[in-house]
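User: Please take a close look at the ligand site of this model and describe how the protein surrounds the ligand. Please extend the account to the helices and backbone features around it.

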Amino acid sequence: FLLLGPPGAGKGTQSAIIARRTGVARISTGEMLRDAIARQTPLGAQVAPLMERGSLVPDSLLVALIAERVTEPDCTNGLLLDGFPRTVNQAEALDLLVQERQMELVVLNFDVPREVLLRRLSGRRWCPRCQATYHLENSPPKRTGLCDQCGSSLIQRADDQEDVVARRLQAYDAQTVPVI
Ligand code: AMP
């Protein structure tokens with residue numbers, strides 16, 4: 001399964017539900033990259049400045065990350081890609097991978113009005129420890145400001161701030177819309 005759509009469209013929320021119900025592996029490239037930053041790996045150091053300013057990470061890094069991830073044992077019963085591909089180059093690399101591994105591709109494209117995206121992103125809160133996501137109005141945590149899953153303090157993702165959101169939406173229009 002491939003989930004396409006702009007930031008804030010609900011790819012992460014829906015992919016978590018689909019993965020839970022079907023048992024397929026959920027692969028979120030944004031989560032993998034944020035995890036690399038948190039663990040202070042060389043990949044994390046390379047991508048942090050790009051993500052902070054709302055730019056996409058180079059295709060070569062993403063393609064290598066996905067090519068390795070799909071060989072892990074949890075992917076034998078199918079997989080769900082959230083946030084990849086985001087460029088035409090990445091989509092072409094995925095085509096090759098789909099052919100090589102004889103996979104069947106189902107694409108879900110999330111089409112959400114811009115004003116709804118902006119409301120969702122500005123109200124989104126995030127757990128830096130377990131990466132669970134909340135929304136101040138639509139899905140608040142049980143205890144204000146604290147993660148339901150691990151109890152950590154919730155924060156706003158740096159790239160959910162208004163000026164960075166504008167750049168992420170520009171990147172989506174210029175680089176991801178052609179993928180659709
Ligand atoms: P997300 O959590 O999916 O909104 O991704 C957060 C950030 O990670 C994006 O703004 C990009 O900087 C980076 N990123 C995630 N997936 C990709 C991708 N497929 N290609 C390039 N950059 C990506």
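Analyst: A backbone N or O atom of G83 lies 2.8 Å from a nitrogen atom of the ligand, a polar contact, that is, a pair of N or O atoms within 3.5 Å; within protein, one atom must be able to donate a hydrogen and the other to accept it, and residues adjacent in sequence count only if both atoms are side-chain atoms. V57 also contributes through its backbone, with a polar atom 3.0 Å from a nitrogen atom of the ligand. From R157, an N or O atom of the side chain is 3.4 Å from an oxygen atom of the ligand. The ligand taken alone exposes 480 Å², of which the protein buries 96% (accessible areas by the Shrake-Rupley method with a 1.4 Å probe; for residues, only the protein chains shown count as cover).

The model is predicted, so local features need pLDDT of at least 70 and side-chain atom pairs count only at pLDDT 80 or more, while totals for chains, interfaces and linings use all residues. Residues are numbered from 1 along each chain as its sequence is written, and side-chain values use heavy atoms, with hydrogens and water left out.

The ligand is surrounded by 16 residues, each with a heavy atom within 4 Å of it; the closest are T29, R34, S55, G83 and Q90. By class, this shell has six nonpolar, five polar and five charged residues (Ala, Val, Leu, Ile, Met, Phe, Trp, Tyr, Cys and Pro count as nonpolar, Asp, Glu, Lys and Arg as charged, and the others, Gly among them, as polar). Helix 2 (residues 29-38) gives the largest share of the shell, four residues; helices (H or I, at least four residues) and strands (E, at least two) are DSSP runs numbered from the N terminus.

Helix 2 packs against helix 3 (residues 42-52) at an angle of about 115 degrees, with the axes 8 Å apart (axes are lines fitted to C-alpha atoms, for helices over the stretch in contact, and angles run from 0 to 180 degrees between N-to-C directions). Helix 2 is therefore roughly perpendicular to helix 3, given that 65 to 115 degrees counts as roughly perpendicular, under 35 as roughly parallel, over 145 as roughly antiparallel and the rest as oblique.

Helix 4 (residues 59-69) and helix 5 (residues 88-100) pack at about 25 degrees, their axes 10 Å apart, and are therefore roughly parallel.

In the loop between strand 3 (79-82) and helix 5 lies P85, joined to F84 by a cis peptide bond with omega of about 5 degrees.
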